[in-house]
Amino acid sequence: MAKPKVCVLRTAGTNCDKETAFAFAKAGAEPELAHINRFIDYGKKFSDYQILAIPGGFTYGDDIAAGKILANELKYKFADDVRKFISQGKLVIGICNGFQVLVKAGILPGNSDFKQEVSLIINDSGKFEDRWVHLCLPVCRFAGLPVKCVWTKGLSEIIYLPVAHGEGKFITKDKAVLEKLKKNGQIVFQYCDEKGKFAGYPCNPNGSIENIAGICDETGRILGLMPHPERYIEFYQHPQWTGMKKRLSGAGLEIFSNGVNYVKEFL
């Protein structure tokens, strides 16, 4: 079978594209670094790929707000293409700035009109937070429902990944949106302590409501998260690797492998 094709979308200010491409390649995909101008000016199509990845960085200098300009480009220049891509059952992942793009474009949590219902705003600390954090999967935490996200299949209940952001506080438009996320099993990752219990700062690096670090759409195929799985692909990237039992790879690789394996099985 041909390797799944991944579009690692980049533009001015993207700076995690090569790491994200490396992660997908290691997971068995065929990633391509594609500048958005190739879609705007040269007719390139998202339909050429099975996975769309929007990596971290500071697109367009985070002018207006983090990820807002790239979000507007997706929403107003490529709305039909994005809707078609999603309707075909393909996968999308947005990491850090990419997560900010997805929520501000209305692609997450997801609705037919791409109306923005959630956002990621300035950290409660008022500063850039750059360190490793623990994350838990909220299995059975809300209404006894497991998380439906295809990207998290088989993950440990607690994983450890780095964050690096200044605007990562997750908020919802209103309480109804938050309750919908809970009811539908769309809350994928939550910040926690090393034992999996909710905790405030610094375990929750930004003050996100319900300690939310990542969400998916109702299909489970579109994932957005603030932590950087592409920065923990190799065992040796863990900050305490010298005192740990050696493993074949980092926990972040499992997320990319899940996406690639899903495409191989279903697309």
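**Before you click**

This is a predicted model, so local features need pLDDT of at least 70 and side-chain atom pairs count only at pLDDT 80 or more, while totals for chains, interfaces and linings use all residues. Residues are numbered from 1 along each chain as its sequence is written, and side-chain values use heavy atoms, with hydrogens and water left out. Helix and strand labels are DSSP runs numbered from the N terminus (helices: H or I, at least four residues; strands: E, at least two).

**Stop 1: the sheet**

Colour the strands. Nine of them make an open sheet with mixed pairing, in the order S2-S1-S3-S4-S11-S10-S9-S6-S7; two strands count as paired if DSSP finds at least two bridges between them. At the edges are S2 (30-35) and S7 (158-165), each with a single partner strand, so one side of each has no neighbour in the sheet. From one strand to the next, the twist averages 25°. Angles here run from 0 to 180 degrees between N-to-C directions, and axes are lines fitted to C-alpha atoms, for helices over the stretch in contact.

**Stop 2: strand S4**

Select residues 91-95. Buried or exposed? Five of the five residues of S4 are buried, so the strand is largely enclosed by the rest of the structure. For the cut-offs, buried means under 20% relative accessible area, exposed over 50%, and partly exposed in between (1.4 Å probe, protein chains only).

Now show the side chains. In a regular strand they alternate between the two faces of the sheet. In S4, Leu 91, Ile 93 and Ile 95 point one way, with Val 92 and Gly 94 pointing the other.

**Stop 3: the S6 neighbourhood**

Slide along to S6 (residues 129-136). S6 and S7 are antiparallel partners over eight bridges, and Arg 131 sits opposite Val 163 of S7. S6 is also joined to S9 by three bridges, again antiparallel; look for Leu 135 with Tyr 191 as its partner in S9.

**Stop 4: helices H1 and H7**

Bring up H1 (residues 17-26) and H7 (residues 251-266). How do their axes meet? They come within 8 Å and cross at roughly 60°. The crossing is right-handed, meaning the near helix is turned clockwise from the far one by less than a right angle. Show the side chains of Thr 20, Ala 23, Phe 24 and Lys 26 on H1, and of Leu 253, Phe 256 and Val 260 on H7: these make the contact, which is defined as heavy atoms within 4.5 Å.

**Stop 5: helix H6**

Select residues 175-183. The buried residues of H6 are Val 177, Leu 178, Leu 181 and Lys 182. Look down the axis: those residues fall within an arc of 140°, so they line one face of the helix. That arc is taken over the directions from the helix axis to the C-beta atoms. On the other side, Lys 175, Ala 176 and Lys 183 are exposed. The cover over the buried residues includes S5 (118-121), S8 (169-172), S9 (187-192) and S10 (212-216).

**Stop 6**

Go to Asn 97, in helix H5 (residues 97-104). Asn 97 is buried, at a relative accessible area of 1%. Beyond its neighbours within four places in sequence, its contacts include Pro 55, Phe 58, Thr 59 and Asp 62.

Hop across to Asp 62, in the loop between S3 and H3 (68-77). Its phi is near 55°, positive in a residue other than glycine, and at 18% relative accessibility Asp 62 counts as buried. In that loop you will also find Ile 64, with a positive phi of about 70°; Ile 64 counts as exposed, at 72%.

**Stop 7: two cis bonds**

Most peptide bonds are trans. Check Leu 108 to Pro 109, though: the bond is cis, with omega near -5°, and Pro 109 lies in the loop between H5 and S5. Finish at Tyr 201 and Pro 202, joined by a cis bond with omega about 10°; Pro 202 is in the loop between S9 and S10.
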